[in-house]
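Here is a structure to read with the terms of a first course in mind. The turns below ask what each term rests on.

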Amino acid sequence: MAKVILKLENDISTDDIYPGRFMATVLPTETPQFAFFDRTEFNAKLKAKAFPAGSIIVGGENFGCGSSREQACSTLKGHEVSVVARSISRIFLQNAINLGLRVVICPGIEASEGDELELTEDQVLNRSNGKAFEQVKLPAARKGIMEAGGLILYTRARLMAKNA
Amino acid sequence: MGMTVVEKILARAAGQASVKVGDVVEPQVDLAMSHENAALVINQFQEVFQGTGLAPKVWDPSKVAIIFDHRVPAESPKTATNQKKIREFVTANGITKFHDVRGDVGGICHQILPEYGYVRPGFVVVGTDSHTTSHGALGAFSFGVGATEMASAWSLGIAVNIEVPATIKVTVEGDFPPMVGPKDLILHLIGLLTAQGANFKVLEFHGGTIRRMSTSGRIAICNMSVEAGATSGIVPGDEETVRYLREEAGVTDAITCVTPDPDATYVRTVDIDVSSLVPQIACPHMVDNVKPIDQVVGTRVQQIVIGSCTNGRLDDLADAAAILRGKKVAEGTRMLVFPASSKIFAQALDKGYIHDFMRAGAVVMNSGCGPCLGVHEGALGDGETALSTTNRNFKGRMGNPTGFVYLCSPMVAAASAITGVITDPRKG
């Protein structure tokens, strides 16, 4: 079980998650400070480590649209939050899988800030409103990357095999 | 069963006779492009090689392109240091398709790649920039990836585990009315499809309007295909593609255009007639919030921006200069012009467009991404409004979360600069 710490509308762009003016900061160790920077209160709480690991951000349709900046994923990964959204933009989804940011696609999700959610294998259970919602499976093509623990480890294994 | 253009390209690049939607393939990468975010790619790339005992060398330095454009010249010591590290990496790896901060061969990556003939029809192109969709204008399958995915491509020379995307066929017919052009077409299409209407899909462009359109216009529509969520936009290579590559990019080797089979399968078809299209405006804060211009005419504008990878090419500057020639930018409005490349800047100088802009009161800046992504020059003040020929209007996009960005064609931007309010160029 984990708490919904932020409920967002449709079409949340990567400019919202990680504003362009911080793009010169690239290292995953440095990006977390700028997560949702212009949502001042939320950013302050993240930085103060007010939320336990696994806390959930609920998004609407097209979460993570816009720029391909990977900082938008590393910034959230750094705070160990999970994202549950009705749908997720292609590049953001790919980046999340590549970096091991937990993302769940759940087209019917109904949740409010403060709700307690349980993420099962194929459902999202909202313990606060008693409803269950089906997940859409992440692309099967990406299974190898998820199982390897991210794209860096996956690529390293492929590289070693190639040069063996 | 017939194949779409992207299916054909992926089949060839994956060494297969055919592929179909949903197949997982690993295409060879023909071109891998990055800009300043190569700093992060290098970091991830070096991590891939850690503990392998192998030297971190890119798989084929002739297929890697790095172009500085997002923050040129550097706006901060941090950016300058990133650029310095990238230069060292470029030298160590023997990367030749490198465009530094220069007034002769510099410019925005999505202009440099076509301009120097780096992209060819049938290529698989990956780029660490969402607007990598631009290069579909030359008949390539070209899509944006994150930095780690690029590090993987640099290591292995392939795009790993790519799912063959479904394709939407967009057929465009009719002649554009005066003061209406490719930018209005793509804004109209994004409004129609919505911001996620083409998520995980390709937009394949056909029809007489597209066939008659210059490569410049095609780049504008493929560039913004990602604003409908598309993996890529693509115009199948044709006579214009070959003309552009031969005459403008100086390509001398063989060019092979890839066209779809007549019985290719499309997930959806969209037909558009542009003969009655009016200027289109994407309103704050989403690119699919598109309205015909009459609904926003009169909106006060503090900053006009003409340029970017979407609309900073010579024909865009010509259209804007023709409207501004002998006129003045309105008091209380500032106008910024960013040519898409140094070469275009020089051509615009020769043609007199730069003088037209400067005499009108516009500030002409060096080629680069400029204010489009809010990290360099041209930020908005609190509550200010910009009218821009760029491709995104998300909250905070032009450097200020309290600002408002409207997107439009170069003609609308130029006509509005004179009045200081959003103005219909057909009536200006």
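The questions and answers that follow concern a predicted model.

Q: Why is Ile418(B) called buried?
A: A residue counts as buried if 20 or more other C-beta atoms lie within 10 Å of its own. Ile418(B) has 21 other C-beta atoms within 10 Å, so it is buried.

Q: Where in chain B is Ile418(B) found?
A: Ile418(B) belongs to helix α14 of chain B, residues 410–419.

Q: How many of the ten residues of α14(B) are buried?
A: Nine of the ten are buried, and the helix is mostly covered. Among them are Pro410(B), Met411(B), Val412(B) and Ser416(B).

Q: What covers the buried residues of α14(B)?
A: The cover includes the strands β14 (303–307), β15 (334–338) and β17 (385–388) of chain B, together with the helices α10 (308–311) and α11 (314–324) of chain B. Just after α14(B) comes Gly420(B), with a positive phi of about 80°.

Q: What makes β4 and β6 of chain B edge strands?
A: These strands belong to an open sheet of five strands in chain B, with the order β4-β3-β2-β5-β6 and parallel pairing. Both β4 (97–99) and β6 (141–144) of chain B pair on one side only, and they are the edge strands. On average, neighbouring strands of this sheet are turned by 15° against each other, direction ignored.

Q: How do you know that β5 and β6 of chain B pair?
A: Two strands pair if at least two bridges are found between them. Strand β5(B), residues 124–127, and β6(B) have four bridges, in the parallel sense. One bridge partner of a named residue is given by Val126(B), whose partner in β6(B) is Phe143(B).

Q: Which strands of the sheet does helix α5 of chain B touch?
A: Helix α5(B), residues 147–156, packs on the sheet and touches β2 (31–34), β3 (64–67) and β5 of chain B. The direction of the helix makes about 140° with that of β2(B).

Q: Which elements of chain B take part in the contact with chain A?
A: The contact takes 46 residues from chain B and 40 residues from chain A. On the side of chain B, the elements that give two or more residues are α2 (38–49), α3 (77–93) and α5. By class, this side has 15 nonpolar, 22 polar and nine charged residues.

Q: Why does the radius of gyration of chain A agree with that of a compact globule?
A: For 164 residues, a compact globule would have a radius near 15 Å; chain A has 16 Å, which agrees. The C-alpha atoms of chain A fill a box of roughly 55 × 35 × 25 Å along the principal axes. Of its 164 residues, 48% count as buried.

Q: How many helices and strands does chain A have?
A: Chain A has six helices and seven strands. Along the sequence they follow the pattern β-α-α-β-α-β-α-β-β-β-β-α-α.

Q: How do you know that β6 of chain A pairs with β5(A) and with β7(A)?
A: The rule asks for at least two bridges. Three bridges join β5(A), residues 116–119, to β6(A), and these strands run antiparallel. Four bridges join β6(A) to β7(A), residues 131–134, again antiparallel. Leu119(A) has Val124(A) as its bridge partner, and Asn126(A) stands opposite Lys131(A).

Q: What lies between the strands of each hairpin?
A: Three residues lie between β5(A) and β6(A). Four residues lie between β6(A) and β7(A), and Gly130(A) in that turn has a positive phi of about 75°.

Q: Which residues of β6(A) form the covered face, and which the uncovered one?
A: Val124(A) and Asn126(A) form the covered face, whereas Gln123(A) and Leu125(A) form the uncovered one. In a regular strand the side chains alternate between the two faces of the sheet.

Methods
Residues are numbered from 1 along each chain as its sequence is written. Chains are lettered from A and ligands numbered from 1 in the order in which they are written. This is a predicted model: local features need pLDDT of at least 70, side-chain atom pairs count only at pLDDT 80 or more; totals for chains, interfaces and linings use all residues. The radius of gyration is taken over C-alpha atoms; the globule rule is 2.2 Å times the number of residues to the power 0.38. A residue is buried if 20 or more other C-beta atoms lie within 10 Å of its own, exposed if 12 or fewer, and partly exposed in between; C-beta atoms are placed from the backbone. Axes are lines fitted to C-alpha atoms, for helices over the stretch in contact, and angles run from 0 to 180 degrees between N-to-C directions. Two residues are in contact if their C-beta atoms, placed from the backbone, lie within 7 Å. Ala, Val, Leu, Ile, Met, Phe, Trp, Tyr, Cys and Pro count as nonpolar, Asp, Glu, Lys and Arg as charged, and the others, Gly among them, as polar.
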